[in-house]
Amino acid sequence: MQEKELKLEVSRAGAASLLEKIPFGSSPTILQQKSIYFDTPAWDLFKRGVSFRIRQSGNERIQSVKAGNGSAAGLFARGEWEQSVAGDAPVLDNPQVRSLLASYGQDLDLLFEVHIKRHRWNVTEGDAIVEVALDLGRVVAADRDAPLCEIEFESKAGPSGALFELARRVDRITPARLGVLSKAERGYRLLGAAPGAIKASTIPLVLDLNAAMAFALAHSMSGICAGWSGPAMSGSETSGFV
C-alpha cells in the first residue's frame with residue numbers, strides 16, 4: 001500500500017489551541033499508543049531506507065514496515081505493509097517484507113520506543129477522506145528522550161491536495177512548521193551523539209519561492225544530520241529514509 005502523509009510540527013500551546021477550537025468538526029478519538037522500532041546493531045534497515053515497528057494501541061498490535069523515497073516539503077510518500085501481530089516480536093511471514101529486509105530479518109533488535117497520546121479525526125474534505133492525528137508524547141532511546149508534538153494528515157481516499165487544505169486550517173489557528181523527520185528518524189538521531197553547534201550554509205532562494213518551500217529548502221540544507229555519529233553511512237545510503 002502507498003502511504004501519502006503531510007506532517008506539521010506545532011508547540012504544546014498550539015496543540016492545546018487546536019484541541020480547544022476543534023477545527024475538524026468534532027471531538028477527536030483519543031488513543032494511548034506505544035511503538036517499538038527494530039533494526040540490526042549496524043542499522044542495516046536504516047541504510048536500506050526501511051523502518052520496522054510494532055505499535056500497540058490498547059490490546060491491538062500492528063506491525064508496520066515502511067520503505068520509500070523520503071519526503072519533500074513535509075509530504076511523505078512511501079510503501080507500507082501492515083499486519084496484526086500477537087506480541088512484541090517481529091513477524092516475517094510476508095514475502096514482500098522478507099524481501100525488503102533481505103538477510104537482516106533474523107538480526108533485528110529493539111532500538112527505541114515512541115510513546116504518544118493520539119488525538120484522531122476522520123475528516124471529509126471535498127472528495128477526499130483524510131485521517132488527522134495530533135500526537136503528543138516522547139521518543140525514548142537508551143538513556144535519552146525527546147518531546148514530540150506533531151500533527152499528521154494521511155490521505156485515505158481522493159486527491160492529496162486536501163492534505164494542504166487541512167494544514168492551512170491548522171495554520172490559521174496556531175503557528176506550524178513543516179515536519180521533515182519521521183518518528184523513526186527522531187529515534188535514530190537520539191541514538192547518535194548529541195549534535196554540536198551547526199553553522200548555516202548559504203541557501204539559494206528565488207523570487208517565486210513561497211514561504212513553505214523556502215522553509216523546506218532551508219531545513220534540508222542546514223545540516224540536519226550534522227554531528228551524526230551513528231554507523232558510517234554514505235550519501236546514497238541515507239537518501240530516501242522514512
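Rings of Phe, Tyr and Trp (its six-membered ring) form an aromatic pair if their centres lie within 6.5 Å; planes under 30 degrees apart count as stacked, over 60 as edge-to-face and the rest as tilted. The structure holds seven aromatic pairs. This is a predicted model, in which local features need pLDDT of at least 70 and side-chain atom pairs count only at pLDDT 80 or more, while totals for chains, interfaces and linings use all residues. Residues are numbered from 1 along each chain as its sequence is written, and side-chain values use heavy atoms, with hydrogens and water left out.

**Aromatic residues**

- One of the aromatic pairs joins Y37 and F112, which are stacked at 4.9 Å centre to centre with 20° between the planes.
- This pair links distant parts of the chain, since Y37 lies in strand 2 and F112 in strand 6 (residues 109–125), 75 residues apart; helices (H or I, at least four residues) and strands (E, at least two) are DSSP runs, numbered from the N terminus.
- Both Y37 and F112 are buried, where buried means under 20% relative accessible area, exposed over 50% and partly exposed in between (1.4 Å probe, protein chains only).
- Ring pairs also link Y37, W43, F46, F112 and Y188 into a cluster.

- D39 belongs to strand 2 (residues 29–39).
- Although buried, D39 has no salt bridge, and the nearest side chain of opposite charge, K47, is 8.6 Å away.
- A salt bridge is a side-chain nitrogen of Lys or Arg within 4 Å of a carboxyl oxygen of Asp or Glu; Lys and Arg count as positive and Asp and Glu as negative, with His and the chain ends not counted.
- The D39 side chain reaches two backbone nitrogens: that of L45 at 2.9 Å and that of F46 at 3.1 Å.
- Residues touched by D39 (heavy atoms within 4.5 Å) include D107, L108, D109, L111 and Y188, not counting residues up to four places away in sequence.

**Helix 5**

- Helix 5 (residues 183–191) is largely enclosed by the rest of the structure, because seven of its nine residues are buried.
- Those buried residues are K183, A184, E185, R186, G187, Y188 and L190.

**Positive phi values**

- Most residues other than glycine have a negative phi.
- I22 has a positive phi near 50°; I22 is found in the loop between helix 1 (12–21) and strand 2 and is partly exposed, with a relative accessible area of 36%.
- W43 has a positive phi of about 60°; W43 sits in the loop between strand 2 and helix 2 (44–47) and counts as buried at 6% relative accessibility.

Methods. Polar contact = N/O pair within 3.5 Å; in protein donor to acceptor, adjacent residues only side chain to side chain.
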